[in-house]
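Biologist: I've got the sequence and the fold open side by side. Can we walk through them together?

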Amino acid sequence: MPERKIRVMVAKPGLDGHDRGARVLARCFRDAGFEVVYTGCHQTPEQIAAAAIQEDVDLVGLSCLSGAHRLLFPRVVELLREKGASDITVIGGGIIPEQDFSLLYDSGIKAIFTPGASLDSIVEWIKTNIKPH
Amino acid sequence: MDATIKKICGGDVRLASRLIRDIEDKIPEAKAKIKKLYAYTGKSFIIGITGAPGAGKSTLTDALITELRKKNKTIGVLAVDPTSPFTGGAILGDRIRMQRHAEDPGVFVRSLATRGALGGLSQAAGDAIHVMEAMGKDIIIVETVGIGQQEIDIINHAHSVVVVLVPGMGDEIQTMKAGLMEIADVFVVNKANRAGAKQLQMELTSMLNLSSKAAAGWRPPIVMIGDAFEPATFAENTAELAQKIEEHHIYLQQSGKLTERMHRKAMAEINDALSACLLEPVLSSLAGSGELESFAEKIRNRKADPYSVAEEITQKFFKKQGKK
């Protein structure tokens, strides 16, 4: 039987136009052999959750450099849960102070990558932790 | 009715998207589900949007969604982007242009990667359309991968095909060429605010003056669409596009051509299903036993030629039929 392809979504919630990092990641995931849905900037958590379900992705990677991650990241997890899609893993990255990590982990974010994290380490995390649906 | 099928027919996005994925991943159970679902398909109107990379297909698809939603039509969108021949990965970026509809329950956008298909769509596209039809979508828009001159599989799936062109892509000879230029039911000259748009319109007009399709009853209209960053005129232009597509739909219904196209689609579906049925098991069996590799080696070393190999394989797999 053919292997299941990993599908991921890279999304930028909130009022944040700094998408260089998100684009680099999208490209890196493509090169890792994933199918990558990229939704662009300025997305509401509602848009991100709806798109993740429509696209049947295994993983949503959120990127936020504006400081609003404490509100926006947990909201995405919550919405997916409400829509019966808690099997979709949510990870995050960006400018995230260490003191916020526990709040994010408690809200259901499964991994956090901050500046300095290598692309390989992120791909490796996905390959280890994500089993396609 | 099977519980999953029942939910999909009731519009369940989660299950529908999962089934589309099972089709893409060639999970055997998916075929059985499509068989059960097939009776509920065939009622949607299918619009194909095709053209070169960056011509504006996704932006126009977004604008069409807006127009059609005003008429309360429910919409499914299949947006195809290319798979890397090297890594198997893909960037599916068509959705970016359509995200303002993400929360509208009347719109379901699903991205597909080509996964090696060369006709502008993916192998799963046909069945993905069936899934959206079963969901009861009034209209399904299929946006092809960015194409060149010849990737025209869309004609086997869509009822109306919109070919999106932009100025500056060559001289009049380009409009005379076979393939893409012949499949349009509606032409769009997009980015018509740019230099060369009038010229392109004239070239298309003179090409259409000699077209047998035009003489046979439907002359593909040419819709000029201006700068997407000028919202007022852009909305006016895209409303005209929606109008022309609807006119084509009515023409298809009244002229009986719709039946003709549905028939062509059915023929293509037999072709696809048959090649999947015959070819895939043969290839996977040969690959599994390692024979495929040794055949390739023989051909590489010029110990055999591909035709003899194909005949040998055919003999082996289809012996019984051969003896009749």
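Biologist: In which sense do β2(A) and strand β3 of chain B pair?

Modeller: First, a word on ground rules: this is a predicted model, where local features need pLDDT of at least 70, side-chain atom pairs count only at pLDDT 80 or more, and totals for chains, interfaces and linings use all residues. Residues are numbered from 1 along each chain as its sequence is written, with chains lettered from A and ligands numbered from 1 in the order in which they are written. Strands are DSSP runs of E, at least two residues, and helices are runs of H or I, at least four, both numbered from the N terminus; two strands pair if DSSP finds at least two bridges between them. Here β2(A) and β3(B), residues 90-92, have three bridges, and the sense is parallel.

Biologist: What is the bridge partner of Glu35(A) in β3(B)?

Modeller: Glu35(A) bridges to a residue of β3(B), and that partner is Ala90(B).

Biologist: What is the strand order of the open sheet?

Modeller: The sheet has six strands with parallel pairing. β5 (112-113) of chain A and β3 of chain B stand at the edges with a single partner strand each, so one side of each has no neighbour in the sheet. Reading across, the order is β5(A)-β4(A)-β3(A)-β1(A)-β2(A)-β3(B).

Biologist: Which element gives the most to the side of chain A that touches chain B?

Modeller: Contact means C-beta atoms, placed from the backbone, within 7 Å. By that rule 28 residues of chain A are in contact with 25 residues of chain B. The elements giving two or more residues to chain A's side are α1 (20-31), β2 (35-38) and α2 (45-55). With seven residues, the one that gives the most is α2(A).

Biologist: What radius of gyration does chain A have?

Modeller: The radius is taken over C-alpha atoms, and the globule rule is 2.2 Å times the number of residues to the power 0.38. For 133 residues, a compact globule would come out near 14 Å, and chain A agrees with its 13 Å.

Biologist: At what angle does helix α3 of chain A run to β4(A)?

Modeller: Helix α3 (residues 69-82) lies across β3 (59-64) and β4 (89-94) of chain A. Axes are lines fitted to C-alpha atoms, for helices over the stretch in contact, and angles run from 0 to 180 degrees between N-to-C directions. On that scale, the angle to β4(A) is about 165°.

Biologist: How many helices and strands are there in chain A?

Modeller: From the N terminus on, the elements run β-α-β-α-β-α-β-α-β-α. That gives five helices and five strands.

Conventions. Contact = placed C-beta atoms within 7 Å.
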